[in-house]
Amino acid sequence: MADVKKLMNPWLDGLKPYFSPHIEKAWQDTNLIRMMSNEGPFPPQKKVLDALIEGSKIANRYPDSLTNIKEKIAELNGLDGPDWVVLGNGSTEVLDMTFRAFMQPGDELIQSLPCYGIYIQRANVIGAKTVSILAKDNWEYDIDAIENAITPKTKIIILANPNNPTGNLIEDSVYERLAKHDIVVIVDEAYIEYSGLKNSKLHLIKKYPNMIISRTLSKAYGLAGMRFGYMLGQPEIINIISRIILSWNISIMSAFGAYAAFNDQEGMQEKVRLTNEGRDYIESELSKIEGLTVYHTNGNYILIDASPTGATSEEIVDYIMEKHKIILRKQNPFKGRKGLFRITIGSKEENEKCVAAVKDFFESIKK
Ligand SMILES: Cc1ncc(COP(=O)(O)O)c(C=O)c1O
C-alpha cells in the first residue's frame, strides 16, 4: 500500500487545514452577535441582491474573463484599463496567487506583527518562510527592522494600509523605501474605503512596477460571503499574477453581484458612513473606562489595550461571550501586553450592546 505521507510535499508536514473556531461558533449559534471577523453587519443592497439572482439564472454557463468588471474597477481607481486588474475569490485568493507567482519553497515573505493571520498560512502551503517583524509600540511599521530583515531569499513584503488589527494608515515613505529593493511589495488595502481612496497607495503603483495593491468586497462593500477581491498593479506584474488564475475562480453569481456593487457607490458609502458613526461612538465610550487605551481606527474594527487593568484578552473576550453573547476577538500578547482585544464595528444596536458589555466586564473586575 502506498504511504501517502511519503508522497506529500515535505513542507506540508505539520500544517493543518484552515479552521476558524469563532466563525464556526457563530454559525452554530446564530443568536450570537458577530463582532469578531471584520465583516459588515448590513445585508447586501437590493441592487446587489437582484444582480445575484440574475446571475444565478444563468448558473448553467461558465463566466468569461470578466473584462467589464475589470474595466469598472480600473475606472473607479483612475487606472488605464483592465490589464491593471486581476480578480480573485476574495482578496485572500489574489494574495495567494501572488505568493505562488513569486515564491518557491525556501523563499521568504516579510510581514509585520500584528497583522492578518492568513499571510503566513498561504506562505506555509507553498513552503515559503515567513519572517515576522514586530511593529513599534505605537503600531507604526518598524521600517529599519524590516529593511534589515531583507535577504537574497526575500521575495515579497506585505504591509496593510490601514493595518489590521491596529487601524493605522501608513505613510508613502514606508512603501517607497521598500519598493526600491528588488522585491514585490504588496499593500493590502482590504479596509481602505472606510477612510477613502484618497489614502490609497494607487499613485505609488503607477510609479513602481514591483508594487501592487490588494482589495476586497468583503469589508466596506459588505459582501464577505460572496467572495470577491482584486489586485491592482502595472500590466506586467498583473500579467504574471494572472498566469496562476484558477479557471472560473469567480462564480457567475459573484461576478454579477460584484458588478452591481461597484456600480452602487452610494450604497457602499452609506455603509461606510454608518460604520464610521459606530466607530466614533465605540471609541468615545470605551475611552472613558480607566486603564483602557482605545486605538483610533481607519477600518471597521477597533483595537483596545486593557493590559494596565490586569485583565487578559482571554478573560475579557470569554466573559463577554458567556454573559453577553457577543463574540469579540482575542489578540496575541504583544511585547508583554496581555490585554489586547479587537471589536468589529457592528450595527447601532450591536455597538450599544457591545459597549454595555465591555463596561460591565470592567465594572465586574473592580468588585
Ligand atoms: C488585512 C486583511 N486582508 C485581507 C483580508 C481578506 O479578506 P477577503 O479574502 O475576504 O477578501 C482580511 C480579512 O479579514 C484582512 O483583515
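This is a predicted model: local features need pLDDT of at least 70, side-chain atom pairs count only at pLDDT 80 or more; totals for chains, interfaces and linings use all residues.

## Helix H3 and its buried side

Helix H3, which runs over residues 46-57, contains 12 residues and spans 17 Å from its first C-alpha to its last, a value close to the 16 Å expected at 1.5 Å a residue. Within H3, the residues Val48, Ala51 and Gly55 are buried. Because these residues cover an arc of only 60 degrees around the axis, they lie on the same side of H3. On the other side of H3, by contrast, Lys46 and Lys57 are exposed.

The partner that the buried residues of H3 pack against is helix H11, which is formed by residues 252-262.

The axes of H3 and H11 come within 7 Å of each other and cross at roughly 150 degrees. Since angles over 145 degrees count as roughly antiparallel, this crossing makes H3 roughly antiparallel to H11. The crossing in which H3 passes H11 is right-handed. On the H3 side, the contact is made by Lys47, Val48, Ala51, Leu52, Glu54, Gly55 and Ser56, and on the H11 side it is made by Ile252, Met253, Ser254, Phe256, Gly257, Ala260 and Ala261.

H4 passes H11 in a left-handed crossing, whereas the crossing of H3 with H11 is right-handed. The residues of H4 that meet H11 are Asn68, Ile69, Lys72, Ile73 and Leu76, and those they meet in H11 are Ala255, Tyr259 and Phe262.

In helix H8, which is made up of residues 172-179, the buried residues include Val174, Tyr175, Glu176, Leu178 and Ala179. What covers the buried residues of H8 includes both helices and strands: helix H7 (143-148) and helix H9 (202-207), together with strands E5, E6 (184-188) and E7 (211-216).

## Cis peptide bonds and positive phi angles

Most residues other than glycine have a negative phi, and most peptide bonds are trans. Against that background, the peptide bond that joins Asn161 and Pro162 is cis, with omega at about -5 degrees, and Pro162 is located in the loop between strand E5 (154-160) and helix H8. A further cis peptide bond leads from Asn164 to Pro165, with omega near 15 degrees, and Pro165 likewise lies in the loop between E5 and H8.

Trp248, although it is not a glycine, has a positive phi of about 55 degrees, and it is placed in the loop between helix H10 (235-242) and H11. Lys335 is also not a glycine, yet its phi is positive at about 45 degrees. Lys335 belongs to the loop between strand E12 (329-330) and strand E13 (340-344), and with a relative accessible area of 45% it is partly exposed.

Lys153 is situated in the loop between H7 and E5, and its relative accessible area of 45% makes it partly exposed. Although Lys153 and Glu108 are 45 residues apart along the chain, their C-alpha atoms are separated by 5.5 Å. When residues up to four places away in sequence are not counted, Lys153 touches Gly106, Asp107 and Glu108.

Asn38 is found in the loop between strand E1 (33-34) and H3. At 1% relative accessibility, Asn38 counts as buried, because the limit for that class is under 20%. Leaving aside neighbours within four places in sequence, Asn38 is in contact with Asn164, Tyr191, Ser218, Lys219, Asn300, Tyr301, Arg342 and Thr344. Among these contacts is Asn164, from which the cis peptide bond to Pro165 runs. The C-alpha atoms of Asn38 and Gly339, which are 301 residues apart along the chain, are separated by 20 Å.

Definitions and conventions: Residues are numbered from 1 along each chain as its sequence is written. Side-chain values use heavy atoms; hydrogens and water are left out. Helices (H or I, at least four residues) and strands (E, at least two) are DSSP runs, numbered from the N terminus. The expected span of a helix is 1.5 Å times one less than its number of residues. Buried means under 20% relative accessible area, exposed over 50%, partly exposed in between (1.4 Å probe, protein chains only). The arc is that of the directions from the helix axis to the C-beta atoms. Contact means heavy atoms within 4.5 Å. A crossing is left-handed if the near helix is turned anticlockwise from the far one by less than a right angle, and right-handed if clockwise. Axes are lines fitted to C-alpha atoms, for helices over the stretch in contact, and angles run from 0 to 180 degrees between N-to-C directions. Angles under 35 degrees count as roughly parallel, over 145 as roughly antiparallel, 65 to 115 as roughly perpendicular and the rest as oblique.
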